[in-house]
Amino acid sequence: MARMASRHSATVRITHWLIAASALGLFVSGGAILVAHPRLYWGETGTLGVPALLDLPIPFVYGHSGWGRHLHFLCAWVLVTTGAVYFAAGVASRHFVDDLLPAKAAGARPPLERYNAAQRIAYLGVIFVLLPLMAATGLAMSPAIGSAWPALVETLGGHQSARTIHFAGASLLFFFLAGHVGMLVASGFGPRMRAMVIGRHERQAR
Amino acid sequence: MSAGDSKRILTTRRALVAGGLAAAGAAALGAAARVAGRRGLIPPDYGGVYGVGETLTYAAQRLLVRGASLAREFPPEAVSKVAPVNGDPPQSDEYLRLLEGGFVDWRLAVDGLVARPSSFSLEDLRRLPVRSQITALACEEGWSYIAEWTGAALSDVLAVAGVLPQARYVVFFPYDEWWDSLDMQDALHPQTLVAYGMNKTPLSAEHGAPVRLRVPRQLGYKSFKYLARMTLTDRLDRFGTGQGSAAAESGYSWYAGI
């Protein structure tokens with residue numbers, strides 16, 4: 001009989017699905033905001049009539065940035081609060097050190113339950129580089145935040161640069177998500193989903 | 001006691017604890033909402049699911065951003081060569097007549113919760129201390145430009161009328177159906193202008209002649225054009241559907257500090 005093995009903690013599972021739901025909302029609403037002006041610039045300013053850094057080959061679609069921005073901010077609040085809980089729990093439970101840091105991850109779990117090097121780099125990159133960068137560039141687009149912390153906007157190269165980096169970060173996150181879901185399907189959708197929903201999966205027979 | 005009994009007791013206790021926690025949570029939320037309301041942390045468009053995000057954003061910025069923090073200003077060489085506009089000037093007979101007459105007969109009415117309901121001509125506004133700023137105007141669509149704006153500080157205009165202490169918002173009306181409002185923090189902010197000049201020329205019709213607001217700590221649509229009247233109030237639920245602006249009624253945020 002196959003033994004049931006613990007795979008993901010309750011905190012990881014709950015925060016995973018809250019983050020997944022908010023990420024879906026952020027991608028959809030981010031797209032709705034982007035199509036109102038699908039041109040990207042470098043520096044402080046940019047409009048129609050001046051050269052763009054990147055002119056996306058999609059039409060200008062107006063009328064969706066209202067609900068788009070409402071949904072974007074609602075999901076951003078869910079992501080930020082959930083992310084803070086995940087981060088605090090990850091530090092307290094040594095999840096980052098035991099499961100994700102390359103040097104320490106070797107001995108902590110049986111080989112089949114360990115993340116490989118590519119997974120660790122991807123997860124660490126998303127958690128500690130891309131998501132903080134999305135928050136920073138998102139905040140830098142706010143004129144009120146820019147009044148309080150001008151150095152944030154200047155470090156990122158200006159208001160329009162922040163918008164462009166925000167788009168680039170979203171594109172990288174989209175590639176990560178595609179790979180994440182692709183690997184899930186390739187490595188066995190059922191057991192992996194079970195592990196992330198109820199926390200256990202059937203340990204493979206040795 | 002059987003196992004079933006102890007399970008029932010446990011379930012009852014869990015239900016009691018959960019119910020108590022829910023009641024305590026609701027009471028705490030209610031108390032927090034009252035305190036937040038008193039401290040001006042709840043925007044008029046707080047309703048619905050999206051209102052949760054609006055309220056968190058507005059409250060967080062009002063708590064974290066100092067009221068006097070200044071929007072970034074730029075050197076003259078940063079002024080953009082292209083300054084697009086969205087929308088057309090009002091087409092009402094009154095506006096077209098004023099435009100044709102060079103706005104000589106235009107008056108800006110200030111009423112509501114003020115000691116001295118007042119009316120300003122362009123000359124009256126020009127006699128107030130002249131403020132100039134080179135700031136960025138960012139449209140909610142994503143594009144932005146930098147320009148130099150010249151005008152009177154809204155706080156100087158309001159000081160002439162004498163704002164009563166119970167006033168919490170300024171509501172703005174133009175020459176069409178659009179309307180908007182600001183809380184007193186942004187209304188009295190030193191960079192909030194009643195602007196009559198742009199890039200050293202009188203404001204053009206497209207950019208909001210004869211005067212527009214400049215609110216550089218918020219997105220472009222808060223820099224309200226074609227100003228005709230402003231009224232001071234302690235509550236916004238008397239205006240429109242109570243969401244604080246025509247933009248909010250059209251599905252955009254009332255607070256656009258973003």
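How many salt bridges does a search of the whole structure find over all chains? The search finds 16, a salt bridge being a side-chain nitrogen of Lys or Arg within 4 Å of a carboxyl oxygen of Asp or Glu. This is a predicted model, in which local features need pLDDT of at least 70 and side-chain atom pairs count only at pLDDT 80 or more, whereas totals for chains, interfaces and linings use all residues. Residues are numbered from 1 along each chain as its sequence is written, chains are lettered from A and ligands numbered from 1 in the order in which they are written, and side-chain values use heavy atoms, with hydrogens and water left out.

**Interface of chains A and B**

- The contact (heavy atoms within 4.5 Å) takes 35 residues from chain A and 37 residues from chain B.
- About 2,900 Å² is buried between the two chains, 63% of it from carbon and sulfur atoms; buried area is the accessible area (1.4 Å probe) that two parts lose on being put together, summed over both.
- Of the area that chain B buries against chain A, 24% is supplied by Tyr50(B), Arg72(B) and Ile258(B), more than by any other three residues.
- The rule finds three salt bridges across this interface.
- Arg69(A) forms a salt bridge with Glu140(B), with 2.9 Å between the closest N and O atoms.

- Helix H2 (residues 65–92) of chain A packs against helix H2 (residues 48–64) of chain B at an angle of about 70 degrees, with the axes 8 Å apart. Helices (H or I, at least four residues) and strands (E, at least two) are DSSP runs, numbered from the N terminus. Axes are lines fitted to C-alpha atoms, for helices over the stretch in contact, and angles run from 0 to 180 degrees between N-to-C directions.
- The angle makes H2(A) roughly perpendicular to H2(B); angles of 65 to 115 degrees count as roughly perpendicular, under 35 as roughly parallel, over 145 as roughly antiparallel and the rest as oblique.
- The crossing of H2(A) and H2(B) is left-handed, meaning that the near helix is turned anticlockwise from the far one by less than a right angle.
- Residues of H2(A) including Trp67(A), Phe73(A) and Trp77(A) meet residues of H2(B), among them Val49(B), Tyr50(B) and Leu56(B).
- The residues of this contact divide into ten nonpolar, three polar and one charged. Ala, Val, Leu, Ile, Met, Phe, Trp, Tyr, Cys and Pro count as nonpolar, Asp, Glu, Lys and Arg as charged, and the others, Gly among them, as polar.

**Helix packing within chain A**

- Helix H1 (residues 10–34) and helix H8 (residues 159–186) of chain A pack at about 130 degrees, with their axes 11 Å apart, which makes H1(A) oblique to H8(A).
- The axes of helix H5 (residues 117–140) of chain A and H8(A) come within 9 Å and cross at roughly 150 degrees, which makes H5(A) roughly antiparallel to H8(A).
- The contact of H5(A) with H8(A) has 14 nonpolar, six polar and no charged residues.

**Local features of chain B**

- Asp183(B) and Arg62(B) join their side chains in a salt bridge (2.9 Å, N to O). This pair links distant parts of the chain, 121 residues apart, with Asp183(B) in strand S6 (residues 180–183) and Arg62(B) in helix H2 of chain B.
- The peptide bond from Ala209(B) to Pro210(B) is cis, with omega near 5 degrees; Pro210(B) is in the loop between strand S8 (201–202) and strand S9 (212–214) of chain B.
- Tyr226(B), a residue other than glycine, has a positive phi, near 55 degrees.
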